[in-house]
Amino acid sequence: MGKKVLMKGNEAIGEAAISAGCRHFFGYPITPQSELPAYLAKRMPEVGGVFLQGESEVAAINMVYGAAASGVRVMTSSSSPGVSLKQEGISYLAGAELPALICNVMRAGPGLGTIQPSQSDYFQATKGGGHGDYHLIVLAPSSVQEIVDLVRLCFDLSDKYLTPAMLLSDGMLGQLMEPVDFGDYKPETVEKPWAVNGCKGRKNNFITSIYIQPDRMEQHNLKLQKKYAEITEREQRWEEWDLNDETEILVVAHGTMARIAKSAIREAQQNGIKAGLIRPISLWPFPVKAFESLRNIKTVLTVEMSAGQMVEDVKLVINGRLPVHFFGRMGGMVPTVEQILEQISELRKSPVKIK
Amino acid sequence: MNKVFEKPKSLGDKHFSYCPGCTHGIIHRLIAETIDELDIRERTVGVSPVGCAVFAYEFFNFDMIGAAHGRAPAIATGIRRAHPECVVFTYQGDGDLAAIGTAEIVHAATRGEKITVIFVNNAIYGMTGGQMAPTTLLNQKTDTTPYGRTAAANGYPIRVCELLSTLEGTYFAQRVSVHNPANVIKARQAIRKAFSNQMEGKDFNIVEILSTCPSCWGLPPLKALDWLSENMIPYYPLGVYKDKDIRKEEAASA
């Protein structure tokens, strides 16, 4: 029986990680996630853990790589420009099959951008970002409670599949303060006989991502692809909200945008519009299964804080069965309930908008 | 019959694949002998670089991890902070440590990270075929300085021991060479100190080892050893650049 605490999104990431048995954080300040390293700088020593501010996001992801290889639960966090810096390290983590949590509290870009929220790192998170054939498990929360649940899930999936996982948050969620119930959660401990931490009593291990013979490298890649296929089959997650056989307009949104979309959908329903929502929670693997049956839906609207990134995956999965429309704002501007309602109302009048 | 010489336990059975005359072979052996002597094989974790020694983990017989180029000190930091009971060292070349890895090595040193760094300086990029390194000497010809390195175009070679010894976090920094038996013995002693310091909780220890690259220098192995002593040692003088033990002794006897 837990108790409810009022917490800020960024800080909830830290407390959730500690509850999941993570005792190692390596990071660097960047707005809008600096509250997280500040929180863990205080909390880690309290629980006998390690907090280290590295000299850059590059250094931090490599510290994560080292600690992950030594067999401990470890995490880093940053925001968009810093996550760009981490891409090399992320590719290495994936190639070396190491578990770790990377948090991206998205801000608008490209380049230095601004500190306000965005969802414009969807491509970076789900389509690579780093080099090579790999995927990150990407989970996108839409409330502070869900941040806690998904941080724990990230560590579990990461350890289970020996692959890095990303929590994709945004600047708004990072600042949001909401009640959270940490419950009676006990993290699972996972044996890691492959770790490098001194070869006493066993043969020496080594962690690497280089296999110089191409046939061996292909074998390694086939092994990774098999892993990703298994994750795709088993770990798709999504929320269906007000979706039934009467729904005519399907809205697809993740994270903060899903919350705003839900308000718009409620207002639309009051105006007699039959709208519902699918909220992808796993962005990779994308919840293809959620879109298998399109019931009586007539048209689809994807809303994002970007120029339109997730909408490409929505179009792929709809596969021509229905028209897919997009509405978004960029540069840190957040679509309002009114703007989304207007989009839904227009689609009600003409479900297919030819641009 | 007494056994007077054997392969160290800390070396595996795989034959070295380095070029004829490459001093990586000597340095690997010195490290392995040190780890055997200090009896720390079972708690050592080594971090291998990107460079000719990228496959070092195939030659050593203890836990090792391959690093991204230049990042070994950060990776060593992650391992050491997670497992303070381990003895952690990095093995890095001149590009790895003094070009792409400059931030990582400076900050590991200034943090006084309790690691040992073995820095193999052969004034060239060997693995990629002989390009200029930050430690390439003025007038030295390489693939990317075909007319000889000039200060005007490429600045001056970096003296790493001198640079790192200005940082308070650096406990011990010594530059040695392996171009003849007398210096190999001194190198061995420096490496031993750099490891035993770590075991005694003394922060950040680096041994810079002047080394040859006969293949990319375009010299036969013995001539390469001469080239090292005639050209590298004048610019990179051998010696101890930092030793907080000496500083303490001096303070105690003052």
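## Two domains in chain A

In this predicted model, the C-alpha centres of domain 1 and domain 2 of chain A are 28 Å apart. Domain 1 of chain A covers 4–234, and domain 2 of chain A covers 239–349.

The two domains touch. Domain 1 of chain A puts 25 residues into this contact, and domain 2 of chain A puts in 22. On the domain 1 side, five elements of chain A give two or more residues each: helix H6 (122–126), strand E6 (137–139), strand E7 (165–170), helix H8 (171–175) and helix H9 (214–234). H6(A) has the largest share of that side, with four residues. By type, the domain 1 side holds 15 nonpolar residues, nine polar and one charged.

## Contact between chains A and B

The chains also meet. Chain A contributes 32 residues to the contact, and chain B contributes 27. On the chain A side, at least two residues each come from strand E2 (24–27), strand E3 (50–53), H3, H5 and strand E9 (206–207).

Which element supplies the largest share of the side of chain A that touches chain B? H3(A) does, with eight residues. The chain A side divides into 16 nonpolar, 13 polar and three charged residues.

## The H3–H5 pair

H3(A) and H5(A) both supply residues to the side that touches chain B. These helices also pack on each other. Helix H3 of chain A spans residues 57–69, and helix H5 of chain A spans residues 87–95. Their axes come within 8 Å and cross at roughly 15°. Angles under 35 degrees count as roughly parallel, so H3(A) and H5(A) are roughly parallel to each other. Their crossing is right-handed.

What meets what in this pair? From H3(A) come Val58(A), Ile61(A), Asn62(A), Tyr65(A) and Ala68(A). From H5(A) come Gly89(A), Ile90(A), Tyr92(A) and Leu93(A). Seven residues of this contact are nonpolar and two are polar. None is charged.

## Confidence

The model scores ipTM 0.89 and pTM 0.94. For chain B, the mean pLDDT is 96. In that chain, 100% of residues reach a pLDDT of 70 or more. Where pLDDT is low, predicted coordinates should not be read in detail.

How values were computed
Residues numbered from 1 in each chain as written. Chains lettered and ligands numbered in written order. Predicted model: local features only at pLDDT ≥ 70, side-chain atom pairs only at ≥ 80, totals over all residues. Domains from an automatic or database assignment. Contact = placed C-beta atoms within 7 Å. Nonpolar A, V, L, I, M, F, W, Y, C, P; charged D, E, K, R; others polar. pLDDT = per-residue confidence, 0-100. Axes fitted to C-alpha atoms, helices over the stretch in contact; angles between N-to-C directions. Parallel < 35°, antiparallel > 145°, perpendicular 65-115°, else oblique. Left-handed = near helix turned anticlockwise from the far one by under 90°.
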